Amino acid sequence: MANFIIATHGRLAEGFYESVKFFNSQIENVHYMNAYVEHNDFEKEFIEKVKGLSGSPLIVLTDIPGGSVNRIASKHMAALGYQVISGINLSILLELVFSPETINEETIERVVTSSREQLVFMNKLIEELEGKEFTDD
């Protein structure tokens, strides 16, 4: 079973973690790191956390692709042997954490694509759907 680290600026990681726990309070393979909240040496703490989870596949999810948290996670991924996904949202997190299949690069690519499709501007979608309802009759 894969382990997951949610790493974000501020307390967003903790919020994602709590949302996962809402769906399954017994989950033990999801961890979080709130960067730059209590301590400023995120990189050192991150490396320690990753090393503490060695022994099983690890996926790190970060908030902003160009942000410092993601840059630190990406910097160490080859040496410490984990996958990094940036631009986290609850959809991708839940799909990965609760996936019954083994998580590999193909699975990650599929889930990232699926997650992109779930980002929807609802005003426009409803407008388009309402337009179809009237023209299909």
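Not counting residues up to four places away in sequence, I6 touches A13, F16, Y17, V30, H31, Y32, M33, L61, I88 and L93, where contact means heavy atoms within 4.5 Å. The model is predicted, so that local features need pLDDT of at least 70 and side-chain atom pairs count only at pLDDT 80 or more, while totals for chains, interfaces and linings use all residues. Residues are numbered from 1 along each chain as its sequence is written, and side-chain values use heavy atoms, with hydrogens and water left out.

I6 is also among the members of the largest nonpolar core, of 22 residues, that touch the most other members, together with F4, V30, L61, I85, L93 and L96; such a core is a set of buried Ala, Val, Leu, Ile, Met, Phe, Trp, Tyr and Cys residues joined through side-chain atoms within 4.5 Å, buried meaning under 20% relative accessible area (1.4 Å probe, protein chains only). Two or more residues are given to this core by each of β1, α1, β3, α4 and α5, helices being DSSP runs of H or I of at least four residues and strands runs of E of at least two, numbered from the N terminus. The largest share, 5 residues, comes from α4. A second, separate core of 14 residues includes A35, V50, L58 and V69.

Within helix α4 (residues 90-97), the buried residues are I92, L93, L94, L96 and V97, and these pack against β1 (3-9), α1 (12-23), β2 (30-35), β3 (58-62), β4 (83-86) and α5 (105-117).

How values were computed
Buried means under 20% relative accessible area, exposed over 50%, partly exposed in between (1.4 Å probe, protein chains only).
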